[in-house]
Amino acid sequence: MIKIYGTRDSRAFRCLWALEESGLAYELIPVDWRTRETRTPEFLALNPNGHVPVFEQDGLVLVESLAINLHISQLAPDALSAAGSVDQSHIIQWTIWAMGELEGPHDAANRGETDVDDELRQRALGVLDQHLEQSPYLVSEAFTVADLNVASVLMRPKYMPYVSNHKHVDAWFKRSATRPALAKALGR
Ligand SMILES: N[C@@H](CCC(=O)N[C@@H](CS)C(=O)NCC(=O)O)C(=O)O
């Protein structure tokens with residue numbers, strides 16, 4: 001059985017969303033970072049970074065939410081993958097883009113570095129908008145783990161004004177964020 005360590009209101013929701021999309025059975029093991037459960041010796045033995053989510057299955061331990069989702073997509077290729085190696089490379093490209101171009105600036109903004117981050121977010125959302133003008137989803141004509149990973153990184157209040165200011169991003173985001181699997185992942 002797949003185990004995900006974390007809580008629904010942490011970045012673990014990204015992996016729960018991927019698991020709900022995939023239809024794979026899983027167990028959520030509650031680990032609350034707010035009460036520093038991520039700093040116990042037992043948890044640090046699982047993830048020395050001291051972060052949730054962690055994925056565990058049959059002795060395999062994986063960390064980093066978006067990497068975990070790439071793995072989940074391999075376990076359930078019909079649900080979240082696209083056919084063909086070029087599409088797979090694009091899925092990896094958009095996943096790394098989400099970490100590098102979206103998550104990084106967002107975390108910097110949380111630390112109060114507002115000016116440069118505003119410019120970075122405008123530019124990143126512009127790139128996304130231009131791409132989504134051509135296609136309803138990021139890779140191929142269907143929803144894949146690339147959409148899930150990028151949308152889940154954007155799913156934070158500070159990104160919402162940028163999302164709604166970009167017409168194609170806004171439509172794609174609404175398509176992604178209203179998927180029933182996300183509601184289940186969030187326990188709604
Ligand atoms: N890049 C990591 C970041 C994980 C992360 O920062 N998780 C937060 C919760 S959303 C956490 O565990 N924080 C606990 C801490 O830093 O002590 C990922 O995407 O999995």
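Predicted model: local features only at pLDDT ≥ 70, side-chain atom pairs only at ≥ 80, totals over all residues.
User: Thanks! In which pattern do the helices and strands follow one another along the sequence?

Analyst: The protein has 10 helices and four strands. Reading along the sequence, the order of these elements is β-α-β-α-β-β-α-α-α-α-α-α-α-α.

User: Why can the protein be called as compact as a globular protein of its length?

Analyst: For 188 residues, the globule rule gives 16 Å. The protein is as compact as a globular protein of that length because its radius of gyration is close to that value, at 16 Å.

User: Which strand pairs with strand 1 in the parallel sense?

Analyst: Strand 1 covers residues 2-6, and four of its five residues are buried. Its parallel pairing runs over five bridges, with I2 standing opposite Y26. The partner, residues 26-30, is strand 2.

User: What is the handedness of the β-α-β unit that holds helix 1?

Analyst: Helix 1 spans residues 12-22 and forms this unit together with strand 1 and strand 2. The unit is right-handed.

User: Which residue of strand 3 stands opposite I4?

Analyst: Strand 1 is also joined to strand 3, residues 54-57, by three bridges, and these two strands run antiparallel. In strand 3, the residue opposite I4 is F55.

User: Which residue takes a positive phi in the hairpin of strand 3 and strand 4?

Analyst: Strand 3 and strand 4 (residues 60-63) run antiparallel and are joined by four bridges, and E56 stands opposite V61. Their hairpin has two residues between the strands. The residue with a positive phi near 45° is D58.

User: How many charged residues does the shell around the ligand have?

Analyst: The residues around the ligand include S10, R11, W33, H51 and E64. By class, the shell has three nonpolar and five polar residues. Its charged residues number two.

User: What share of the contacts with a separation of 6 or more is between residues 24 or more positions apart?

Analyst: Two residues are in contact if their C-beta atoms lie within 7 Å. Among the contacts with a separation of 6 or more, the share from residues 24 or more positions apart is 67%.

User: And what percentage of the residues is buried?

Analyst: A residue is buried if 20 or more other C-beta atoms lie within 10 Å of its own. Of the 188 residues in the protein, the buried part is 37%.

Technical notes:
Residues numbered from 1 in each chain as written. Rg over C-alpha atoms; globule rule 2.2 N^0.38 Å. Buried ≥ 20, exposed ≤ 12 C-beta atoms within 10 Å, placed from the backbone. Near = placed C-beta within 6 Å. Nonpolar A, V, L, I, M, F, W, Y, C, P; charged D, E, K, R; others polar. Pairing = 2+ DSSP bridges. Right-handed = clockwise from strand over helix to strand, strands pointing away.
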